[in-house]
Amino acid sequence: DGLSSLSSSSSSSSSSSSSFSSSSVEFVLNQPFPVLEGYFAKASVGLHTMWNEHFGIGVVEMMAAGLVTVAHDSGGPKSDIIVPYHDDDDDDIHKDNNDNGHKTGYLASTEEEYATAMYEALYGLTEDAREDIRHSAQESST
């Protein structure tokens with residue numbers, strides 16, 4: 001189904017290191033869900049690149065697993081899935097750019113936007129901000 005997962009050996013680090021080697025990235029394509037669950041448990045970022053995905057169950061699965069998800073800025077991910085999450089807790093630190101709710105992931109459509117989103121998800125967030133995105137994504141996907 002085009003679903004892929006990206007894992008980084010620095011998944012728990014908010015380091016500003018920009019070194020990224022092929023040995024720290026693994027793309028996993030078209031695997032049975034139990035296999036994906038194992039990867040989701042180890043990964044820190046999920047990547048979904050399909051253009052105009054009608055719904056995006058793969059995106060929802062990554063969010064539900066607690067991955068910071070980067071998906072294409074079109075279709076279901078844009079209109080219904082990676083959208084600001086609203087809850088009763090006003091004290092969380094990582095609101096979207098318009099303060100309309102809590103960030104649940106990233107949308108991108110160009111190579112540059114994907115690169116920027118991936119870099120920010122891996123290296124540009126504090127641990128608290130990363131956890132807020134993960135929590136909001138999980139809450140919004142269930």
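Modeller: Helices here are DSSP runs of H or I with at least four residues, numbered from the N terminus. The model is predicted, so local features need pLDDT of at least 70 and side-chain atom pairs pLDDT 80 or more, while totals for chains, interfaces and linings use all residues. Residues count from 1 along each chain as its sequence is written, and side-chain values use heavy atoms, without hydrogens and water.

The structure holds 2 aromatic pairs, counted when ring centres of Phe, Tyr or Trp (its six-membered ring) lie within 6.5 Å; planes under 30 degrees apart are stacked, over 60 edge-to-face, the rest tilted. In one, phenylalanine 33 and phenylalanine 40 have centres 6.5 Å apart and planes at 75 degrees, so they are edge-to-face. In the other, the centres of tyrosine 119 and tyrosine 123 are 5.2 Å apart with planes at 50 degrees, so this pair is tilted. Tyrosine 123, at 9% relative accessibility, is buried (under 20%; exposed is over 50%, partly exposed in between, with a 1.4 Å probe and protein chains only), whereas tyrosine 119 is partly exposed at 37%.

Now for the 2 salt bridges, each a side-chain nitrogen of Lys or Arg within 4 Å of a carboxyl oxygen of Asp or Glu. Glutamate 127 meets arginine 130 at 2.9 Å, N to O; they are 3 residues apart in helix 5 (residues 127-141), about one helical turn. Arginine 130 is buried at 1%, while glutamate 127 is partly exposed at 30%. Arginine 134 joins glutamate 131 at 2.8 Å between the closest N and O atoms.

Note on methods. Helices (H or I, at least four residues) and strands (E, at least two) are DSSP runs, numbered from the N terminus.
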